[in-house]
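Subject: Structure for your files

Hello,

Here is the structure, with its sequence. My notes come after it.

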Amino acid sequence: MALSIFDIFKIGVGPSSSHTIGPMWAGRYFLNELIARNELEKVARIKVGLYGSLALTGFGHATDKAAVLGISGLAPDVMCPDFADEVFNRAKSEGKLRLNDLRDIDFNYESDMIFHFNEALPEHPNGIRFYAVDENGIGLFEKAYLSIGGGFVVSVDDFHNNTASEDSNVEVPWAFKNGDDILAICEEQQFSIAEMAYQNEGAISGLSRAEIDARIDHIWEVMKACIDRGMRMEGQLPVSGISRRAKDMLTSLTAHPEAMLSDHFAIMDWVTLFAMAVNEENACGGRVVTAPTNGAAGVIPAVLAYYTRFDKKSSEQGVRDFLATAAVIGMLYKMNASISGAEVGCQGEVGVACSMASAGLAAVMGGSVLQVENAAEIGMEHHLGMTCDPVGGLVQVPCIERNSMAAIKTITAARLALRGNGYHEVSLDNVIETMYNTGLDIQAKYRETSQGGLALYAGKKSQC
């Protein structure tokens with residue numbers, strides 16, 4: 001039983017993996033169930049109920065749009081973001097929803113998209129329910145789903161039947177449950193975390209080493225394209241009207257390249273730029289890679305860009321090993337804690353991304369397995385308790401800057417671990433358990449509900 005590298009790194013669209021990608025997949029799964037039950041031709045209307053955090057911050061996260069796209073038959077990993085707007089706008093303005101490009105049904109946004117602001121499903125803060133009825137209003141089929149972070153979705157039925165795991169049923173050569181298992185395996189076999197990930201991935205996906213490389217390379221290409229597009233685009237972020245900053249920062253940095261010679265911290269400005277570019281793209285609904293979530297999508301690409309541009313020893317295989325190592329660390333958090341901001345706060349998103357990136361960077365900079373584990377622990381240790389309090393329910397403030405800050409923390413964590421011998425007081429397993437328990441202790445208003453923290457200051461600009 002194991003997760004795939006490509007469960008952790010999934011291509012999708014912004015602004016949120018749990019609030020956009022997850023609900024879109026849920027809608028698609030519901031549509032597929034209607035088809036499998038031979039009910040599609042009988043459907044006259046589909047209603048959508050959003051619960052908990054999906055309701056409270058659903059508008060800012062485009063959850064309503066995602067649900068409509070899903071039941072229209074679109075999938076987040078292959079769809080065109082521009083076409084998505086066309087589908088959603090047609091549904092709202094014309095009152096028509098096309099199911100799987102086969103037939104139209106009536107759709108009234110005001111009555112068929114229901115935000116249950118004061119109700120949450122008991123199983124998880126991110127709940128969504130779909131109802132299909134015939135022309136007489138008689139129910140045909142309904143099903144509830146949970147969006148549990150990082151684009152992962154399970155039905156409530158599977159949750160209660162203990163079949164909610166996303167793990168592969170394939171037996172892998174190197175099964176692990178925690179960080180200590182990984183250390184023991186790598187020590188016994190005398191190989192790296194990346195090598196362990198490659199061997200497990202081959203068993204899970206049935207791909208050859210070259211095919212795994214090709215898929216990892218594609219993930220990096222999407223990340224790079226997101227950075228490049230984010231640095232080119234101008235204008236304002238949706239809904240909030242906040243100005244994009246990445247283009248101006250790029251112009252400023254390239255106007256004075258000599259600063260790199262006199263200011264040793266100028267590299268930090270580039271890392272900040274890379275992360276900001278990705279998360280501005282995410283905020284605009286662009287194509288991103290969950291790493292491990294959309295809200296934290298800028299950290300790993302920014303650190304990888306730092307590695308490829310500023311480390312003279314960087315290589316294509318280094319990028320692959322970085323991502324393979326980071327994925328294994330992400331699996332530990334997914335299996336033993338949570339990567340859902342609505343469940344454990346932003347420590348489960350940006351904090352996990354920092355931990356993953358710290359491990360990846362330490363690995364490609366020549367760190368031992370012990371130093372890599374230490375880097376991952378440091379990356380999370382200094383994000384413990386971080387709340388998820390998006391202003392206006394948008395993945396913009398403080399999310400964009402948090403990614404930039406975490407990318408800088410990543411470099412510090414990796415370098416700090418490499419200066420040590422790998423032995424440290426708090427293990428990665430300890431910090432993962434602490435993160436999860438801390439997240440459960442955080443009041444609900446600080447967990448992606450926009451009811452507390454910085455979210456209370458929406459629209460209140462500084463007068464200083």
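This is a predicted model: local features need pLDDT of at least 70, side-chain atom pairs count only at pLDDT 80 or more; totals for chains, interfaces and linings use all residues.

Numbering runs from 1 along each chain as its sequence is written, and side-chain values use heavy atoms, with hydrogens and water left out.

Pocket. Lining residues have an atom within 4 Å of a point of the pocket, which is an open set on a 1 Å grid over the protein atoms alone, where a 1.4 Å probe fits, with protein on both sides within 12 Å along at least five of seven lines. The largest pocket is lined by 40 residues, and Lys65, Asp85, Cys284, Gly285 and Gly286 lie nearest its centre. Helix H5 (81-94) is among the contributing helices and gives the most, seven residues. Helices are DSSP runs (H or I, at least four residues) numbered from the N terminus.

Helix H4 (63-71) also supplies at least two lining residues. Eight of the nine residues of H4 are buried, so the rest of the structure largely encloses it; buried means under 20% relative accessible area with a 1.4 Å probe, protein chains only. Just after H4, Gly73 has a positive phi of about 105°.

Cores. A nonpolar core joins buried Ala, Val, Leu, Ile, Met, Phe, Trp, Tyr and Cys residues through side-chain atoms within 4.5 Å. The largest has 100 residues, and H15 (residues 316-336) gives the most, eleven.

Regards

Terms used:
Buried means under 20% relative accessible area, exposed over 50%, partly exposed in between (1.4 Å probe, protein chains only).
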